[in-house]
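Opened the notebook to look up a few strands, a helix and the packing around them. Jotting things down as I go.

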Amino acid sequence: CEQLVAVSIILAQYQEVVVHSGSMGEMVDPATGATIHLLPGQELLDVYTAQPVPILGAALDAEDDVYVPLAGTMDSPEGSRMPIAIGAPYIDPLTERVRQVVGASLESATNEVRPTSQPCWNRRPRRPLPAVLAEVLEQEIIARKSTRRRQHGFEEDSLKGILGLGSLLLSDEEELDGNGLDAHMH
């Protein structure tokens, strides 16, 4: 469930980026005071270490209603500060294990950017599905696709009927009797 929420958030951010020509929002550069677009991969200076760090995304700060770039530094497994970057190793504070960065998030209490990793609770090797269950799932997929095609056909036919009725109502050539309306509805 948490993974689905995370994927939904990432998809929504991606759609925002596409809509806004690659920009994930705007922010005021503290050094220059100029408004700059937040672009994925663009480097900023980390406010704590002054190191250049890549922007991984943007989060809307609900309190101030401004976009905050998801860029910052983290502790490396060796103990030094390094930029938060996709694929970089870091020590997960909850499990104290070395993990790989898959993204970043904004901690609302402190307004700090933290690395995120994929949850590890589902690491057991999965057994293959029993053949009967695989067949049932395959039949379910086929049935859903068939239902979708029928629904799409019904919607297309309904749309044609509505368009035909609209053209009938707009034209003065035919009278609005029961026969004219029925002919356009089927």
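This is a predicted model: local features need pLDDT of at least 70, side-chain atom pairs count only at pLDDT 80 or more; totals for chains, interfaces and linings use all residues.

Strands E11 (residues 103–107) and E12 run antiparallel, and I count 5 bridges joining them. Leucine 106 has valine 113 in E12 as its bridge partner. The hairpin of E11 and E12 leaves 4 residues between the strands, and asparagine 111 there has a positive phi near 60°.

Next, which side chains of E12 (residues 112–116) are buried? Val113 and Pro115 are, and they point to one face.

Beyond its neighbours within four places in sequence, I find valine 113 in contact with Pro69, Leu70, Ala71, Ile84, Ala104, Ser105 and Leu106. Val113 also belongs to the largest nonpolar core, which has 9 residues, including Met74, Ala88, Tyr90 and Val101. Another core, of 7 residues, lies apart from that one, with Leu44, Ile55, Ala58 and Ala71 among them.

Then I checked glutamine 100, in strand E10 (residues 98–100). Buried or exposed? Glutamine 100 is exposed, because its relative accessible area is 54% and the cut-off is over 50%. Its contacts, leaving aside neighbours within four places in sequence, are Gly87, Ala88, Tyr90, Thr116 and Ser117. From glutamine 100 to tyrosine 90 I get 6.3 Å, C-alpha to C-alpha, with the two 10 residues apart in sequence.

Last, helix H2 (residues 131–170). Its 40 residues at 1.5 Å a residue should span 58 Å, and the end C-alpha atoms are 58 Å apart, so the two agree. The buried residues of H2 are Gly161, Gly164 and Leu168.

Conventions: Residues are numbered from 1 along each chain as its sequence is written. Side-chain values use heavy atoms; hydrogens and water are left out. Buried means under 20% relative accessible area, exposed over 50%, partly exposed in between (1.4 Å probe, protein chains only). Helices (H or I, at least four residues) and strands (E, at least two) are DSSP runs, numbered from the N terminus. Two strands pair if DSSP finds at least two bridges between them. The expected span of a helix is 1.5 Å times one less than its number of residues. A nonpolar core is a set of buried Ala, Val, Leu, Ile, Met, Phe, Trp, Tyr and Cys residues joined through side-chain atoms within 4.5 Å. Contact means heavy atoms within 4.5 Å.
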